[in-house]
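User: Could you take a close look at the pockets in this one for me? I'd like to hear about their volumes and what lines them.

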Amino acid sequence: MPAYALGDYLQFALSGLSTGSIYVLIALGLIAIYNVTGVINLAQGEFVMLGAMLAVAFHKLELPLALAFVLSVACVTVAGVLTERLTIRPARRAPEVTLIIITIGTAIAIRGAALLAWGTSSYSLPEFSPGAPLQLWGAVLSRQRLWIMGTAAVVLLLLYLFFEFTLLGKAVRACAINRLAAETLGISTTAMSALAYGLGAALGALAGIVIAPLTLVSYDMGLSLGLKGFVVAIMGGLVNAPAAVVGGLLLGVLESFASGFLSSGLRDAVAFLILFVVLARRRNG
């Protein structure tokens with residue numbers, strides 16, 4: 001095994017934290033939807049893909065990157081609301097397994113539509129802040145990774161303020177705690193379900209856009225990222241956002257160290273090994 005310097009360990013940690021921040025954004029979208037609707041949205045990864053693809057498409061129209069960013073998030077948010085209206089609401093009284101199958105079908109449909117629209121080609125998005133990478137005690141950190149971690153931090157702060165200090169946020173929390181009691185108090189649970197889907201889609205779009213400059217964007221990129229987000233959401237029990245934040249960062253760091261110390265081919269295996277361990281422990285209480 002080669003010798004590693006302190007800078008190498010810091011490199012692995014910083015890379016893992018930035019990747020884990022993407023998983024956190026995706027998982028928070030899953031948790032928001034599950035808390036309000038009780039549906040495990042396995043189409044969450046496709047919202048990630050749509051955000052990245054639309055940002056590339058808008059940028060190719062020579063729109064400023066900031067405007068492409070905003071338009072992409074807005075379009076995916078609308079797509080999330082429409083998904084809830086057209087697929088989940090008509091089957092809201094169906095068994096949970098049926099709803100999960102519906103989300104799988106939705107994911108396949110969105111992926112197929114993206115394939116027809118953009119083909120199998122891979123696309124790229126320029127970095128938000130072009131420039132030389134930053135040197136930190138022997139580690140190299142690209143400016144885009146700072147954007148990723150900064151975006152995740154800002155989103156977490158905004159979500160905290162939204163759920164703690166706004167009436168709309170408290171209404172969403174009430175639906176998450178007890179839908180029947182929320183309806184008794186006059187809160188529209190159908191509106192909150194649509195809002196949760198829109199919020200989840202927006203968070204997925206954010207994740208896709210900020211990671212796009214670091215990876216090639218393609219119609220099938222959401223599958224792997226969606227599964228990683230699902231693993232992180234499971235680590236939080238699908239209801240515990242703070243645990244999911246810790247779990248997402250931890251997963252990113254573990255993947256980074258596994259890739260550095262062992263093999264990059266084992267990177268994805270780490271996530272699913274953690275999933276098996278978490279599910280086994282929950283099965284045993």
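**A look at the pockets**

Analyst: Let's start with the second largest pocket, which has a volume of about 410 Å³. This is a predicted model, where local features need pLDDT of at least 70, side-chain atom pairs count only at pLDDT 80 or more, and totals for chains, interfaces and linings use all residues. Residues are numbered from 1 along each chain as its sequence is written, and side-chain values use heavy atoms, with hydrogens and water left out.

A pocket here is an open set of points on a 1 Å grid over the protein atoms alone, where a 1.4 Å probe fits, with protein on both sides within 12 Å along at least five of seven lines; lining residues have an atom within 4 Å of a point. A volume is the space filled by probe spheres set on the points, with grid points joined across faces, edges and corners.

Of the 21 residues lining the second largest pocket, T19, I211, T215, L225 and R267 lie nearest its centre. Helix α1 gives the largest share of this lining, six residues. Helices are DSSP runs (H or I, at least four residues), numbered from the N terminus. By class, this lining has nine nonpolar, eight polar and four charged residues. Nonpolar means Ala, Val, Leu, Ile, Met, Phe, Trp, Tyr, Cys and Pro; charged means Asp, Glu, Lys and Arg; the others, Gly among them, are polar.

Now for the largest pocket: about 530 Å³ of space lies there. Its lining has 21 residues, with I31, N35, F163, A241 and P242 nearest the centre. That lining divides into 17 nonpolar, two polar and two charged residues.

Note on methods. Helix = DSSP H or I, 4+ residues; strand = E, 2+ residues; numbered from the N terminus.
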